[in-house]
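Good morning. Today I would like to speak about aromatic rings and their neighbours.

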Amino acid sequence: QVQLVESGGGLVQAGDSLRLSCAASGRTFSNYAMAWFRQAPGKEREFVAAITWSNGITKYADSVKGRFTISRDNTKNTVYLQVNSLQPEDTAVYYCSVTSNRPAYESLSRRTAYNYWGQGTQVTVSS
């Protein structure tokens with residue numbers, strides 16, 4: 001089992017930045033990749049960014065490229081999401097996830113690739 005705890009969300013204004021964190025505990029040695037998804041009210045949960053644990057390969061949704069940066073600290077078993085130039089359409093609950101499988105790069109953006117999920121952290125962007 002892997003436990004994930006997200007933090008760093010909040011209420012910000014358009015143009016502001018936040019740094020989301022996700023701390024993993026439990027059977028972290030088997031983690032292959034971690035990712036962030038988000039879910040806005042009334043919408044499906046969508047992929048934001050992913051990073052492989054060993055070599056730091058990243059993947060981003062087109063909608064966040066250039067504004068969001070995913071990174072990880074292996075010593076702390078923590079993944080981060082730096083979110084810049086926030087817009088009201090970025091308002092959502094942001095979820096951290098991890099997979100112990102080895103999905104192909106193209107599959108890192110699929111919800112079904114991930115075994116474990118955190119409870120989420122709310123990001124609200126006012127205009």
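Which residue lies over the face of Tyr80? The residue is Arg19, at 3.9 Å from the ring centre. A charge counts as sitting over a ring if NZ of Lys or CZ of Arg is within 6 Å of the ring centre and within 35 degrees of the ring normal.

A word on the source: this is a predicted model, in which local features need pLDDT of at least 70, side-chain atom pairs count only at pLDDT 80 or more, and totals for chains, interfaces and linings use all residues. Residues are numbered from 1 along each chain as its sequence is written, and side-chain values use heavy atoms, leaving out hydrogens and water.

I turn now to the aromatic pairs, of which the structure holds 4. Rings of Phe, Tyr and Trp (its six-membered ring) pair if their centres lie within 6.5 Å; planes under 30 degrees apart are stacked, over 60 edge-to-face, and the rest tilted. Phe37 and Tyr114 form an edge-to-face pair, 5.6 Å centre to centre with 75 degrees between the planes. This pair links distant parts of the chain, since Phe37 and Tyr114 are 77 residues apart.

Tyr114 also forms an edge-to-face pair with Trp117, at 6.3 Å and 70 degrees. Tyr114 is buried, with a relative accessible area of 6%, whereas Trp117 is partly exposed at 27%. Here buried means under 20% relative accessible area, exposed over 50%, and partly exposed in between (1.4 Å probe, protein chains only).

Phe37, Phe47, Tyr114 and Trp117 form one aromatic cluster. Finally, the charged end of Arg45 sits over the ring of Trp117, 5.1 Å from its centre.

Notes. Helix = DSSP H or I, 4+ residues; strand = E, 2+ residues; numbered from the N terminus.
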